[in-house]
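Hi,

Here is the structure I said I would pass on.

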Amino acid sequence: MRDLFASKFLGNTAEEWLISGAFIVGGIVVGKVVSWITTNILRSLSAKTKNKVDDIVLAIVEKPLVLIVSVAGIAVGVDKLHIDASVQAWVDKSFNVVVALVAAWTLSRILDAVIDEYIAPLVEKSEGDLDDQLLPIIRKSFKAVIWVFAVVVALKNVGYDVGALLAGLGLGGVAIALAAKDTISNFFGSVAVFIDRPFKINDRIKIAGYDGTVVEIGIRTSRLRTLDNRIVTIPNASCASSPIENVTSEPNTK
């Protein structure tokens, strides 16, 4: 039996292969156990509390935690083997990449949970459609920032020159910004309208020589129905920079 455990295969003894396999399988089993505990025990306990925070936290961390435990078991199992230094370096880099991506995944889930539980209900209660249209864009923008940062960290972990990559992204961003400056200005104009609220849907306003009722507030433009029953589309950049007379807000005079 000792001779069997002492026999070597690909530079490692049978005993070392068994230990490595035990860590790999153990990581996967522990991940499954964590998932079962979270699903069957912790969630039932959190359901009894009035606070929603614990339910949100469990829903967020369950899957990322199971994944990271399983991957950690695989990484430790491979580390127990005597393998080529380049292969070991590749395994270590791969684990770091997985950690970065799992962190981004977790942050994205946190963002979704916060928006769905706290911000979306407030937006639904507000008047007007602009905040409803802005919320998906804000959500996607923040998630894009999270994933871009995670990818940059992952690329740095595998040895890429992140500085050169960021410089290239900066130049590309400047080119895109110049090409889409009107769209960007209209977007920030819509943000200004949302924050300042110089008018809302169904308000009668006068702007840029037009007199009409606001029928739509979009991301790029707002639409008025004039007194002649015609639709006028006005860029939101103009709404942010032009004087606006809100006729509806005028107090009634006797």
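Below is what I found, going region by region.

One thing to keep in mind throughout: this is a predicted model.

**The α4 helix**

Let's start with α4, which runs over residues 85-125. The helix has 41 residues and covers 59 Å between its first and last C-alpha, close to the 60 Å expected at 1.5 Å a residue. There is a bend to look at, though: α4 has a kink of about 45° at Ile119, shortly before Pro121.

**Salt bridges**

Searching the whole structure turns up six salt bridges. Which side chain does Asp112 meet in a salt bridge? The partner is Arg139, at 2.8 Å from N to O. That pair links distant parts of the chain, with Asp112 in α4 and Arg139 in α5 (residues 130-157), 27 residues apart.

Arg139 also has a salt bridge with Asp116, where the closest N and O atoms are 2.9 Å apart. Asp116 is in α4 and Arg139 in α5, so this bridge ties together parts 23 residues apart in sequence.

Are these two aspartates buried or exposed? Asp112 counts as buried because its relative accessible area is 19%, under the 20% cut-off. Asp116 has 43% relative accessibility, so Asp116 is partly exposed.

Back with the aspartates, salt bridges that share partners join Asp112, Asp116, Arg139 and Lys143 into one network.

**A nonpolar patch on the surface**

Next, have a look at Val25, Val29, Val33, Trp36 and Ile37. Together they make a nonpolar surface patch with about 450 Å² of accessible area. Ile37 belongs to helix α2 (residues 14-46), and its relative accessibility of 33% makes Ile37 partly exposed. As for spacing in a helix, residues three or four places apart point the same way because an α-helix has 3.6 residues a turn.

**Ser70 in α3**

Ser70 sits in helix α3, which spans residues 53-79. With a relative accessible area of 14%, Ser70 is buried. Which residues does Ser70 contact, leaving aside neighbours within four places in sequence? They are Gly27, Ile28 and Gly31.

Asp203 is in the loop between α7 (181-196) and β3 (204-207). Its relative accessibility is 7%, so Asp203 counts as buried. Not counting residues up to four places away in sequence, Asp203 touches Gly212, Thr213, Val214, Asn246 and Thr248.

Ile244 is in strand β7, residues 244-246. Its relative accessible area is 24%, so Ile244 is partly exposed. With neighbours within four places in sequence left aside, the contacts of Ile244 are Pro198, Phe199, Ile205, Lys206, Ile207 and Cys239. One of these, Pro198, is 46 residues away along the chain, and its C-alpha is 7.3 Å from that of Ile244.

That's the lot from me.

Cheers

Methods: Residues are numbered from 1 along each chain as its sequence is written. This is a predicted model: local features need pLDDT of at least 70, side-chain atom pairs count only at pLDDT 80 or more; totals for chains, interfaces and linings use all residues. Side-chain values use heavy atoms; hydrogens and water are left out. Helices (H or I, at least four residues) and strands (E, at least two) are DSSP runs, numbered from the N terminus. The expected span of a helix is 1.5 Å times one less than its number of residues. The bend at a residue is the angle between axes fitted to the seven residues ending there and the seven starting there. Buried means under 20% relative accessible area, exposed over 50%, partly exposed in between (1.4 Å probe, protein chains only). Contact means heavy atoms within 4.5 Å. A salt bridge is a side-chain nitrogen of Lys or Arg within 4 Å of a carboxyl oxygen of Asp or Glu. Patches are made of residues with over 30% relative accessible area and no salt bridge: like charges are joined within 9 Å, nonpolar side chains (Val, Leu, Ile, Met, Phe, Trp, Tyr) within 5 Å. Accessible areas come from the Shrake-Rupley method with a 1.4 Å probe; for residues, only the protein chains shown count as cover.
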